[in-house]
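Q: I'm new to this one. Can you walk me through it?

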Amino acid sequence: MTEISKDTMYKVRNRSASTVIYRIPEMNNLRRTWTPGEVKRISYNEMEQLSYQPGGLELMANFLQVIN
């Protein structure tokens, strides 16, 4: 079994037909912009921090897809 650390990287796809943008103030005001179908590599820590943002869980459930 593989252990997950905060630095573990995942491929994540914008599965919607629209642009997805989010900002995470706790990560030095990190701002991500995803075009439709775009795939980015992001850390487990970033996904965790996104889940704490207003609307973050909705973005993850309805627009972003972990493909790792």
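Q: In what sense do strands E2 and E3 pair, and over how many bridges?
A: This is a predicted model. In it, E2 (residues 20-24) and E3 (residues 30-34) run antiparallel, paired over 5 bridges.

Q: What stands opposite isoleucine 21 in E3?
A: Threonine 33.

Q: And which residue in the hairpin of E2 and E3 takes a positive phi?
A: Asparagine 28, with phi near 60 degrees. The hairpin has 5 residues between its strands.

Q: Switching to rings. How many aromatic pairs does a search of the whole structure find?
A: The search gives 1 aromatic pair. Its members are tyrosine 22 and tryptophan 34, with ring centres 6.4 Å apart and planes at 35 degrees, so the pair counts as tilted.

Q: Which parts does that pair tie together?
A: Tyrosine 22 is in strand E2 and tryptophan 34 in strand E3, so the pair links parts 12 residues apart in sequence.

Q: Are those two buried or exposed?
A: Tyrosine 22 and tryptophan 34 are both buried.

Q: What lies over the face of tryptophan 34?
A: Lysine 40, at 5.7 Å from the ring centre.

Q: Which residues is it in contact with, leaving aside neighbours within four places in sequence?
A: Methionine 9 contacts Arg41, Ile42, Ser43 and Asn68. Isoleucine 42 is 33 residues away along the chain, yet the C-alpha atoms of methionine 9 and isoleucine 42 are 5.4 Å apart.

Technical notes
Residues numbered from 1 in each chain as written. Predicted model: local features only at pLDDT ≥ 70, side-chain atom pairs only at ≥ 80, totals over all residues. Heavy atoms only, no water. Pairing = 2+ DSSP bridges. Helix = DSSP H or I, 4+ residues; strand = E, 2+ residues; numbered from the N terminus. Contact = heavy atoms within 4.5 Å. Phe/Tyr/Trp six-rings, centres within 6.5 Å; stacked < 30°, edge-to-face > 60°. Buried < 20%, exposed > 50% of the residue type's maximum accessible area, 1.4 Å probe, protein only. Lys NZ or Arg CZ within 6 Å of the ring centre and 35° of its normal.
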